[in-house]
Amino acid sequence: TLNTQTKNPLTTMAATPESTADTTKQGGGGDDQILSYQPLAENSAVSANPHIPSVTASAVLGESESMPDDHPICKGHDFNTSASSSKDDPSQLDAIMQSMLNTGFQATNVGKAVNEIHRMRKWRLSDTPWKEGDDETLRDPNLRSKIRARIFFAYTSNQISCGQREVIKFLVQHKMVDVIVTTAGGIEEDIIKCFEPTYMGDFKLPGKELRKKGINRIGNLLVPNKNYCKFEDWMAPLISKMHDEQDEKWMEQAKLLVSNEGADEEEPIKPFSYTPSEFIARMGKEINNEESVLYWANKNDIPVFCPALTDGSVGDMIYFHSYKRPGFTLDIARDIRRINDLSVQSYGTGQIIIGGGLVKHHTCNANLMRNGADYSVYINTGHEFDGSDGGASPDEAISWGKIRITADPVKVCADATIVFPLIVSQTFAKDVEEWKESTKDCICWLPDGTV
């Protein structure tokens, strides 16, 4: 039989401050606890209503703390304010972009990414006051004002496959980034587009039929096989030429060793090999085409790192070459030394990483060598539920020391072909000439610690 003396828990379980706090903690409330679940006062008209269980009244209609007066309000762009503007008026785009910060969701993260890029470009060592114990050669305020952050820029190959190539070329052409990390496709497809275009297609075009026609699909883009054939016709002679140069250098070194002229204990002769970044620079020089990202990277002395250079058509060419003439080598060890040194030899660093996988980890790992990047922007659609590095959040990178604990990194979870051109429109594209003027005497590292 039921105990008729048992009280109805719905009418007697009044929320207390203690129970509220426990509930908030278990529910994963934010660290700032901006809003707090408060019980209703006993004399409240709602609490006094016998038809509403008190626990329900407290849960649904509990008092909230007042928001700070200066707390941002969610508000998007009002097109009524720009209805009279010309359709070609660039200020309309600026107004939309400025409103994103307070629009919410990923629009807010786009706004934060714009601000983070502004900060990494604006930073100067003079922003950090010199203190006792610091390098004496860096004491001069004028010198400190000429030292800027080194900007690492990484992107996956699909960004070159699509129209993002032109946006990337703009950044490299105007020397707005200092170090590039990409994949094999990001190298070869830049060169291929100098010979033949990539065409628009559709995500739903059947692979079976495309294969019969010799057409390769990249999402909703199409690349005919003949594009790669033209790349091979250009690439194969270049590999042979560089192989000749390698063997010639080896022969010179061998003669020095035999004659004992190269027997220097302090600086012994090291067997010569090109590095992947030197190989890529040579590709940029030989293509001699202003539409190419690699052309501008070589012209502006911006190193392009690709630790998986053989993972694509370039690798195919090297593989084919090895059957005709074995012995061509690329020294990846010198490249890892080079990119890590570029990170370590920086007083401040920023990183903009489009996509995940190899380019994301390689860039972050280089910044780990200096205890993390000072400024970071990720743009990708990866999620962290599977533990992948590609989907890992900036906060996970902080735990590894790849981003500094004092940093305020941003991740935009979106298709980069949509958001990155918008971000560039509000940052790099805003001040091309001003950037060149303000950075012409700037450095990222004081060589050998001397003025």
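1. Helices (H or I, at least four residues) and strands (E, at least two) are DSSP runs, numbered from the N terminus. By that rule the protein has 19 helices and nine strands, and D301 is placed in the loop between helix 13 (293-299) and strand 6 (304-305).

2. On provenance, this is a predicted model, in which local features need pLDDT of at least 70 and side-chain atom pairs count only at pLDDT 80 or more, while totals for chains, interfaces and linings use all residues. Residues are numbered from 1 along each chain as its sequence is written, and side-chain values use heavy atoms, with hydrogens and water left out.

3. Taking the chain as a whole, 41% of the 451 residues count as buried, where buried means under 20% relative accessible area, exposed over 50% and partly exposed in between (1.4 Å probe, protein chains only). The accessible surface of the protein comes to about 25500 Å², computed by the Shrake-Rupley method with a 1.4 Å probe, and 53% of that surface belongs to carbon and sulfur atoms. Contact means heavy atoms within 4.5 Å; among contacts between residues at least 6 apart in sequence, 74% join residues at least 24 apart.

4. Two residues other than glycine deserve a look for their backbone angles. Most residues other than glycine have a negative phi. D301, however, has a positive phi near 60°, and this residue is exposed, with a relative accessible area of 62%. N371 likewise is not a glycine and has a positive phi, of about 70°; N371 is found in the loop between helix 16 (357-368) and strand 8 (375-380), and is exposed, with a relative accessible area of 54%.

5. Two packed helices are described by the angle between their axes and the distance between the axes. Helix 11 (residues 225-258) packs with helix 12 (residues 276-287) at an angle of about 120°, their axes being 11 Å apart, which makes helix 11 oblique to helix 12. Axes here are lines fitted to C-alpha atoms, for helices over the stretch in contact, and angles run from 0 to 180 degrees between N-to-C directions; those under 35 degrees count as roughly parallel, over 145 as roughly antiparallel, 65 to 115 as roughly perpendicular and the rest as oblique.

6. Helix 9 (residues 184-192) is largely enclosed by the rest of the structure, because nine of its nine residues are buried.

7. S343, which lies in helix 15 (residues 332-344), is buried, with a relative accessible area of 0%. Not counting residues up to four places away in sequence, S343 touches F152, T349, A366, N367 and R370.

8. H118 has its place in helix 5 (residues 105-122) and is partly exposed, with a relative accessible area of 36%. The C-alpha atoms of H118 and T427 are separated by 6.5 Å, although these residues are 309 residues apart along the chain. H118 touches both Q426 and T427, when residues up to four places away in sequence are not counted.
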